[in-house]
Amino acid sequence: YLAGLAPARTILILFGPPAAGKGTHGPRVADAYGIPTLSTGDMLRDAVAAGSEVGMQAKAVMESGGLVSDELVAGVIKDRIKRDDCAKGFILDGFP
């Protein structure tokens, strides 16, 4: 009946205040499911370092002391989850 259908992706989002344990438990859950943990802060820094269009927009905001908009963060996430390591799913640590 389900032959030929692509397997579902496991997508989890961790919510909580700083020091709630997201960074501790996220990697454990990621290991159990065989999927990466994606930190929005890490993705923003990587996009800035890579010099991507979204990264440069985020850099300008961060250097001015502002908060990066949800739209820019969503753009960084959209680019990141297209990579092969997210094919089975991912854990998003911190959104927005």
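Predicted model: local features only at pLDDT ≥ 70, side-chain atom pairs only at ≥ 80, totals over all residues.
**Exercise 1. Describe how α2 packs against α3 and which residues make the contact.**

*Solution.* Begin with the axes, which are lines fitted to C-alpha atoms, for helices over the stretch in contact, with angles from 0 to 180 degrees between N-to-C directions. The axes of α2 and α3 lie 7 Å apart, at an angle of about 110°. α2 is therefore roughly perpendicular to α3 (under 35 degrees counts as roughly parallel, over 145 as roughly antiparallel, 65 to 115 as roughly perpendicular and the rest as oblique). Next, list the residues in contact (heavy atoms within 4.5 Å): α2 provides Leu44, Ala47 and Val48, and α3 provides Gly55, Met56, Ala58, Lys59 and Met62. Finally, sort them by class: 6 are nonpolar, 1 polar and 1 charged. Here Ala, Val, Leu, Ile, Met, Phe, Trp, Tyr, Cys and Pro count as nonpolar, Asp, Glu, Lys and Arg as charged, and the others, Gly among them, as polar.

**Exercise 2. Describe how α2 packs against α4.**

*Solution.* The axes of α2 and α4 are 10 Å apart and form an angle of about 85°, so the two helices are roughly perpendicular to each other. On α2 the contact involves Thr40, Met43, Leu44 and Ala47; on α4 it involves Val73, Val76, Ile77 and Arg80. By class, this contact has 6 nonpolar, 1 polar and 1 charged residues.

**Exercise 3. State at what angle α3 and α4 cross, and which residues meet.**

*Solution.* The axes of α3 (residues 53-63) and α4 come within 10 Å and cross at roughly 145°. Val54, Gln57, Ala58 and Val61 of α3 meet Leu72, Gly75, Val76 and Asp79 of α4. These residues divide into 5 nonpolar, 2 polar and 1 charged.

**Exercise 4. Identify the residues that line the largest pocket and the helices that supply them.**

*Solution.* A pocket is an open set of points on a 1 Å grid over the protein atoms alone where a 1.4 Å probe fits, with protein on both sides within 12 Å along at least five of seven lines; lining residues have an atom within 4 Å of a point. The lining consists of Met43, Asp46, Ala47, Ala50, Ser52, Val76, Asp79, Arg80 and Arg83. α2 (40-50) and α4 (70-80) each supply at least two of the lining residues, and the largest share, 4 residues, comes from α2. By class, the lining has 4 nonpolar, 1 polar and 4 charged residues.

How values were computed: Residues numbered from 1 in each chain as written. Heavy atoms only, no water.
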